[in-house]
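The points can be read with the model open alongside.

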Amino acid sequence: MSAHNGSKLEQQPPIGAVPQHVPAGLNPPARRRAQARLLKSDGDAIAAAHEVADRIAQGAILRDRERKLPNEEMDMLSDAGLLAITVPRAYGGAGVRTQTLAEVIAIIAAADGSVGQIPQNHFFMLEALRLQGSEQQKRFFYDRVLAGERIGNALSELGTKTAHHHHTRVTANGGRYRVNGRKFYSTGVLFAHWIAVVGDDDAGRSVIALIPSGSNGVTIVDDWSGFGQRTTGSGTTTFENVDVHPFSILSMQALFDQPTSMGPIAQIMHAAVDLGIARAALADTIRFVLTYTRPWKDSGVEHGFEDPYLIAEIGAVQLNVNAADALLERAGQITDEAVATPCAESVAAASIAVAEAKVAATEASLFAGSKLIELAGSRSTLAEFNLDRHWRNARTHTVHDPVRWKYRAIGDYWLNGINPPRHGAL
């Protein structure tokens, strides 16, 4: 028996405990009928991302305007094998580099910012599984992901002291667990086969419960009303006495108690989403200016794209996007070093490199989204073009974690030699 705050607790079943083969009583979702493609290399992943992004981009304007959820687009990602690219090669996946993961997300986010964001927590949970999962958990869940199954996020809640505190509880119950709580910002749950819910166990430790989305007691509400990232499905998920097999439990706290790549990988994906949005805004700016924008009457030129001031501004936007691109690539390389040799120094270096990339991508996405309308002119504000979606998406996504705290951590690291905190939000 254990004790916490002076109270007697029920003996908890061991995390990851399971008999051989398929866990009895786990009740996983029915396997997908569609056959997911098996990608084998970083090059395969990049090529598949470009192929799928071209298809996803075709309906992006309509989906944002009408808030049409991307169910078909998420199936495209599954079918293309893109949601399994971080499954280690030892378990049948491509085991791509962090740099490749970030680029894949940026490619998809450039096609549709919402679709680019949805897989972020899916990959977050695959990294948690790599770092904390038992051998049997890895074999089971990696197999499901290779078949195209998706993991949605039920991490944050409304009404807590910070976004990292939880009222949700995962309590021992006769050799199994019970989950009770209410989550918001549940990105991807509407499209998920599994829901990764974070809550505190009886001892106050933060744990992850991987729950089939159709489980009794799970209610998913499509009530996300953000003005940007409109189709991420980031609404409410409630859990009422949801029964959970101990096989489906991972320790969240352990991911950050020791230096691991968890935080840098979580954050580099957010930076990649912002970079993708910035790329899309810049591309639409250039396209619109070349096609529609007229010169100012005092310019003395025939076309908008000959206006020297407009040309200079395009250069400034391009410079910002290129800088964010370079910093993201560098951050991926440094994070891969932390994956290979995790220690306090390597993880701190990765966290700072990713924070630098996130700052740059945040500023590039907001700058590009705003300059698009300014440089393209009045016609670009018409609803038929829906060009404001880039700024709306950037502004919505970039408040996920405050850049002002990243500046402080970066300065403290380089000026005072102080390593950043390990909590996954830097």
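1. A salt bridge, as the term is used here, is a side-chain nitrogen of Lys or Arg within 4 Å of a carboxyl oxygen of Asp or Glu. By this rule Glu-103 and Arg-279 meet in a salt bridge through their side chains, at 3.0 Å from N to O. The pair links distant parts of the chain, with Glu-103 in helix H4 (residues 98–111) and Arg-279 in helix H9, 176 residues apart. Glu-103 has a relative accessible area of 23%, so Glu-103 is partly exposed. Please keep in mind that the model is predicted.

2. How many salt bridges does a search of the whole structure find? The search finds 28 salt bridges. One joins the side chains of Asp-64 and Arg-392, at 2.6 Å from N to O. This pair, too, links distant parts of the chain: Asp-64 belongs to helix H2 (residues 60–66) and Arg-392 to helix H12 (residues 389–397), 328 residues apart. Asp-64 counts as buried because its relative accessibility is 8%. Arg-392 counts as buried because its relative accessibility is 12%; the limit for buried is under 20%.

3. Asp-401 and Lys-406 form another salt bridge, and their closest N and O atoms are 2.9 Å apart. Are these two residues buried or exposed? Both Asp-401 and Lys-406 are buried.

4. The aromatic rings come next. A search of the whole structure finds 14 aromatic pairs. In one of them, Phe-140 and Phe-141 sit edge-to-face, with 5.0 Å from centre to centre and 85° between the planes. Phe-140 and Phe-141 are both buried. Phe-141 also forms an edge-to-face pair with Trp-194, where the centres are 5.1 Å apart and the planes are at 75°.

5. Where in the chain do Phe-141 and Trp-194 lie? Phe-141 is in helix H7 (residues 135–146) and Trp-194 is in strand S6 (residues 194–200), so the pair links distant parts of the chain, 53 residues apart. Phe-141 counts as buried because its relative accessibility is 5%, and Trp-194 counts as buried because its relative accessibility is 2%. Ring pairs link Phe-140, Phe-141, Trp-194 and Phe-247 into a cluster.

6. In soluble globular proteins, nonpolar side chains tend to be buried together. Here the largest nonpolar core has 91 residues. Which residues have the most contacts inside this core? They are Leu-77, Leu-82, Ile-85 and Ile-208. Helix H9 (residues 262–291) gives the most to the core, with 14 residues. For Ile-85, the contacts beyond four places in sequence are with Leu-39, Ala-45, Ala-94, Gly-95, Val-96, Leu-101, Val-104 and Phe-123. There is also a second, separate core of 15 residues, which includes Ile-195, Val-207, Val-218 and Val-244.

7. Some nonpolar side chains are on the surface. Ile-286, Leu-290 and Phe-305 form a nonpolar patch there, and together they have about 250 Å² of accessible area. Phe-305 is placed in the loop between H9 and helix H10 (308–340). With a relative accessible area of 35%, Phe-305 is partly exposed.

8. Glu-356 is located in helix H11 (residues 344–376), and Glu-356 is buried because its relative accessible area is 16%. Beyond four places in sequence, Glu-356 touches Leu-327, Arg-330, Ile-410 and Trp-414. The C-alpha atoms of Glu-356 and Val-87 are separated by 27 Å, and these residues are 269 apart along the chain.

9. Asn-121 lies in helix H6 (residues 120–132). Why does Asn-121 count as buried? Its relative accessible area is 11%, and buried means under 20%. Apart from neighbours within four places in sequence, Asn-121 is in contact with Ile-151, Asn-153, Leu-155 and Thr-187.

Conventions. Residues numbered from 1 in each chain as written. Predicted model: local features only at pLDDT ≥ 70, side-chain atom pairs only at ≥ 80, totals over all residues. Heavy atoms only, no water. Phe/Tyr/Trp six-rings, centres within 6.5 Å; stacked < 30°, edge-to-face > 60°. Buried < 20%, exposed > 50% of the residue type's maximum accessible area, 1.4 Å probe, protein only. Helix = DSSP H or I, 4+ residues; strand = E, 2+ residues; numbered from the N terminus. Core = buried A, V, L, I, M, F, W, Y, C linked by side-chain atoms within 4.5 Å. Contact = heavy atoms within 4.5 Å. Patch = residues over 30% accessible without salt bridge, like charges linked within 9 Å, V, L, I, M, F, W, Y side chains within 5 Å. Areas by Shrake-Rupley, 256 points an atom, 1.4 Å probe, with all protein chains shown as cover.
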